[in-house]
Amino acid sequence: MARLTAAAARRIALGAQGFATPRPPVVNRGHLRRLMERLSVVQLDSVNVFSRSHYLPFLARLGPYDRSLLDSLTAHAARSPAPEFLEYWAHEASILSPEAYKYFGFRKRAADERAWGRMRRFAEERADELEAVRLRLREDGPLRARELGYARAAGPREMWDWHDGKVALEYLFWAGEAAAARRVNFERLYDLAERVVPPQALVERPAADEHRALIRLAARAMGVATETDLRDYFRLSAAQARPALSALVAEGALEPVEVDGWREVAYLHAEARRPRAIRARTLLSPFDNLIWFRPRTERIFDFHYRLEIYTPAHQRVHGYYVLPFLLGERLVARVDLKSDRQAGVLRARRIGIEPGADPGEVMPALTETLAETAGWLGLDRVDLPADGAVVLQP
């Protein structure tokens, strides 16, 4: 079995994710399409304290760009044509390349067994209401969930506090009967999938073929990865992934390799680049494909990372919305960021320098990146932390 050093594996992973490719002078839709094809999936998240997360992987790899260009390819477009990048439960709630979207038929067909419990119960126990929602979509779609007329249950509000109409629509979305036609202020508008999704993406395929295609896409996006890394990319089970892995190894698409310091066997994609150096300088969303699987992040970068949004304020270590800073091929700092849109200020509330990183090298690069990011967000200036808030991590 071939062997890779940890540094080589890290550079391969960064190259596969697009960090070895020079940034274009001006970003156009073609650049966005090609990056989406490379990544296959970008996670969506509703938190907007700094920026909507799905914009950030494109910024990290391509540099500042006009966000309306990405909107025009997704359900965030101001006008009504069907989006080119479609939404589905892939990693988490995600936008997908047209190629990747085709391979989730197995998940849609298993909605009665695999969708979240409240959705399944609604489909089982209230079939007549579900059919009424289908008919309403056909007659009046695209629709917001609120337009169905359901009231929220009385009592304390909770996370995922969906009324029954939202539950019905999300079941149809999971089952592939409905799709995200548009979003307005991040609120999803649903329509029948047949009016949103290209016909070729609705063709049924054998589940084994879909699993194999998704593992192939995940391996291409990661360059070198363990079985657990590959499974996590599209949230596949071991039973789904292992036969696909065996088939891809047998056909030569993946090569088993050992990586220094990795406990599991890894799989190297046959077309993975082996960059000699990575010269990245960028902030990463907490949900960026490069770092979203925290065990892989720790294994590759020796960087322990947890999002502390749901941690009580007095128990947070690094801050509320903390973005790792990638410099070269290392994660060298983490920054708690907030966009104060009313004041026109990007506030860096805390900066932590990682062990072994040189603050004299990190801070100039980070300051330049923050200024560039503020401009991209339309903010006038950056406020760096007060003395004592730039810290060396223990």
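Trainee: Which residues of H1 meet which residues of H14?
Mentor: In this predicted model, Arg10, Ala13 and Leu14 of H1 are in contact with Arg296, Ile300 and Phe301 of H14.

Trainee: At what angle do H1 and H14 pack, and how far apart are their axes?
Mentor: Helix H1, residues 6-16, packs against helix H14, residues 294-301, at an angle of about 130°, and the axes are 9 Å apart.

Trainee: Why are H1 and H14 called oblique to each other?
Mentor: Their angle is about 130°. Angles over 145 count as roughly antiparallel and those from 65 to 115 as roughly perpendicular, so H1 and H14 are oblique.

Trainee: Moving on to H11 and H13, what is the angle there?
Mentor: Helix H11 (residues 207-222) and helix H13 (residues 238-250) pack at about 70°, and 8 Å lie between their axes. The two helices are therefore roughly perpendicular to each other.

Trainee: Which residues meet in that contact?
Mentor: H11 contributes His211, Arg212, Ile215 and Arg216. From H13 come Gln240, Ala241, Ala244, Leu245, Ala247 and Leu248. By class, the contact of H11 with H13 has six nonpolar, two polar and two charged residues.

Trainee: A change of topic: how many cavities of 30 Å³ or more does a search of the whole structure find?
Mentor: The search finds one cavity of that size. The largest cavity holds about 70 Å³ of space.

Trainee: Which residues line the largest cavity?
Mentor: The lining consists of Arg23, Leu56, Leu59, Arg281, Thr282, Leu283, Leu323, Thr369, Glu372 and Thr373. Helix H3 (56-62), strand S11 (280-283) and helix H15 (359-377) are the elements that each supply two or more of the lining residues.

Trainee: And how does the lining divide by class?
Mentor: The lining of the largest cavity has four nonpolar, three polar and three charged residues.

Trainee: Which domains each give at least three residues to the lining?
Mentor: Domain 1 (2-100 + 205-269) and domain 3 (306-392) each give at least three.

Notes:
Residues numbered from 1 in each chain as written. Predicted model: local features only at pLDDT ≥ 70, side-chain atom pairs only at ≥ 80, totals over all residues. Heavy atoms only, no water. Axes fitted to C-alpha atoms, helices over the stretch in contact; angles between N-to-C directions. Helix = DSSP H or I, 4+ residues; strand = E, 2+ residues; numbered from the N terminus. Parallel < 35°, antiparallel > 145°, perpendicular 65-115°, else oblique. Contact = heavy atoms within 4.5 Å. Nonpolar A, V, L, I, M, F, W, Y, C, P; charged D, E, K, R; others polar. 1 Å grid on protein atoms, 1.4 Å probe; cavity = no way out; pocket = protein on both sides within 12 Å on 5 of 7 lines; lining within 4 Å. Points joined across faces, edges and corners; volume = space filled by probe spheres on them. Domains from an automatic or database assignment.
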